[in-house]
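Subject: Structure for your review

Dear colleague,

Please find the structure below. My notes on what was found in it follow.

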Amino acid sequence: MLKMQRKEEISENLGEVAGRHHKDGIAVGATRITSHQSRPPMIAPSNETKQLNVPQVQLQQQSAAASTPSVPVHEAPEFRSFWKAGAYAANPSMKPALVQGSLEHARVHPKFLHSNATSHKWAFGAIAELLDNAVDEVQNGATFVKVDKVDIMKDNSPALLFQDDGGGMDPESLRKCMSLGYSMKKANKTIGQYGNGFKTSTMRLGADVIVFSRATGASNATQSVGLLSYTFLRKTGQDDVIVPMIDFDISGHWAEPIIYSSQDDWSFNLKTIIEWSPFGSKSELMQQFEDIGPHGTKVIIYNLWMNDEGIYELSFDDDDEDICLRDEDNQGSLKKLQRKTRELRSHISYCIRYSLRAYASMLYLRKFNNFKIILRGKPIQQFNIADELRFRKVISYKPQVSTALNDAMVETTIGFIKEAPALSVCGFNVYHKNRLIRPFWKVTGDGSSKGNGVVGVLEANFIEPTHDKQDFERSTLFVRLESRLRQMIVEYWRGNFHLIGHQLPGSNLQEGGSVQPPVGNAANMQKQPADQHKNGLESNFQEEVHLYQHANVRLNLRNEQSSVQAISGFTDEDNNEVTPNNHPVSISVDELCEENIRLFKKCEEHMLKEIELKNLVKKLEKEVEQAKLRCTQLSLHVEARKKQKT
């Protein structure tokens with residue numbers, strides 16, 4: 001009786017009831033994303049229509065999905081801008097009637113889909129998550145992932161397509177993919193590990209996503225369709241995340257529906273998918289499997305988000321072979337800019353801000369052997385800027401970790417970009433498990449010319465990235481790495497900046513700057529090709545460069561001594577020293593930065609020593625207490641012996 005009243009209440013408030021309650025489990029056709037997820041059973045082939053029971057679960061859930069009259073696909077949320085899409089009044093939720101013997105469980109409101117997706121600050125970060133899923137399928141035989149724009153026939157709006165030929169997902173795997181926190185990936189072999197990337201990335205790019213997947217098992221083959229629609233959930237006033245899904249057994253000559261509870265449930269899920277997806281009939285849905293092959297996955301994201309001006313965030317029209325971020329793409333105004341600015345904005349360090357082709361070309365450190373990323377019909381050529389660096393050096397760094405990685409050695413490739421010194425691009429491309437996390441990370445201080453043109457590449461697997469994989473967690477290891485990279489770039493710059501003919505602007509010995517190398521030879525040096533540098537320069541030029549470097553070393557020592565004196569409060573008068581020509585020694589910003597780095601490292605060493613001393617004090621105090629206790633015991637023993645003698 002209580003269940004019948006509950007069904008009538010749902011019907012009155014939300015529309016038609018999607019399915020019937022299952023006594024011991026749930027009907028998996030329309031699943032809810034909750035703390036406990038349904039698990040479809042293994043599929044047993046049969047000539048008749050399959051009607052399978054679901055194993056009993058501890059927490060009873062509902063399979064009911066509510067529907068309203070059909071709404072065209074282009075009627076997306078009232079706010080088409082992603083950053084405003086979460087601002088809507090949620091309907092007051094009704095407390096569901098408890099079934100005898102069941103327990104309360106956490107529920108997920110549809111607004112959480114939006115708030116969860118805000119972890120991605122920009123659209124390319126979300127696209128990278130979907131590419132990671134395809135790259136992880138390489139171990140299952142994937143050879144490509146296609147990223148393209150498709151047109152929705154219902155309203156002629158653009159949509160994003162991601163398709164790979166990996167192992168695909170069976171009904172159980174698809175339900176875990178649509179749920180929160182489920183991940184069967186091994187953290188030491190795959191990029192993804194949190195079980196949240198698919199939901200955050202698709203909901204960041206658009207309001208709705210539909211998934212088609214085929215998988216082949218040992219004894220059966222299946223194909224499944226799942227719909228995660230923010231539009232559907234909002235328009236129908238849901239207070240729980242409902243994901244309509246349908247499954248087929250394709251082991252035979254045709255696709256047979258897989259029924260978990262009743263034919264009505266399966267039919268209603270199909271009806272809901274057709275009403276709220278870009279496809280108007282079952283036959284159109286089935287056509288989407290034709291180009292997938294025996295196994296693989298196709299993801300279509302539609303109702304794409306717009307910016308505040310009502311224009312799609314992603315631009316598909318500026319370049320037929322690329323997808324661009326509209327707000328970052330300033331290529332149309334490059335003709336009006338100065339030549340140096342145009343050159344800077346044409347460099348890949350700037351192009352990755354708006355060009356998906358440029359960003360994806362650097363997204364993975366090691367080049368794939370039998371895998372391609374195909375963007376709008378054209379494969380992306382992988383690019384590692386380390387291959388184009390001049391005067392390259394490989395510097396080893398051993399992170400101070402206290403885990404199994406304590407023997408790990410990180411090798412950093414560092415050098416000048418080929419456009420140096422014309423372009424002031426600098427920084428480190430830091431990867432984690434082959435995936436780019438921080439591109440062109442500038443570790444030197446803002447406004448400092450030291451390090452201009454120097455770029456490094458390294459893979460830091462000993463620190464953990466944030467959930468959006470666009471930055472690292474600011475841990476102690478991260479701070480130490482940042483300090484070491486800063487020191488690395490300063491040392492490389494100090495010893496090699498003259499190789500590219502770079503001169504410190506407006507600096508001379510009398511003013512406390514650097515000694516200028518011979519102008520004529522510096523000019524000739526710029527004209528020398530790289531191979532002549534490797535074979536050596538003429539002896540007289542080497543002597544002049546050596547003299548000028550030696551003078552710079554002496555000058556740096558003098559400036560460093562002056563900076564230390566200024567910090568500590570001592571002056572030249574205290575040491576009875578006089579500067580040449582009675583001119584005060586100037587201290588540059590770069591030298592102060594170096595001094596800060598040294599002082600920071602000394603401070604860190606002192607802190608470690610302080611911790612060691614504190615531990616030693618505690619140990620000694622403990623030993624003193626034990627000695628006192630032992631002394632007391634001996635005193636009592638002596639007194640007892642005296643009493644026995646008397």
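Buried is used here for residues under 20% relative accessible area, exposed for those over 50%, and partly exposed for those in between (1.4 Å probe, protein chains only). Helices (H or I, at least four residues) and strands (E, at least two) are DSSP runs, numbered from the N terminus.

This is a predicted model, in which local features need pLDDT of at least 70 and side-chain atom pairs count only at pLDDT 80 or more, while totals for chains, interfaces and linings use all residues. Residues are numbered from 1 along each chain as its sequence is written, and side-chain values use heavy atoms, with hydrogens and water left out.

The protein has 16 helices and 18 strands, and 48% of its 646 residues are buried. With contact taken as heavy atoms within 4.5 Å, 71% of the contacts between residues at least 6 apart in sequence join residues at least 24 apart.

Helix 5, residues 197-205, is mostly covered, with nine of its nine residues buried. Among them are Gly 197, Phe 198, Lys 199, Arg 204 and Leu 205.

Gln 288 sits in the loop between helix 8 (282-287) and strand 9 (296-304). Gln 288 counts as buried because its relative accessibility is 16%. Neighbours within four places in sequence aside, Gln 288 contacts Phe 212, Phe 279, Lys 298 and Ile 300.

Glu 309, in the loop between strand 9 and strand 10 (314-315), has a relative accessible area of 67% and is therefore exposed.

Yours sincerely
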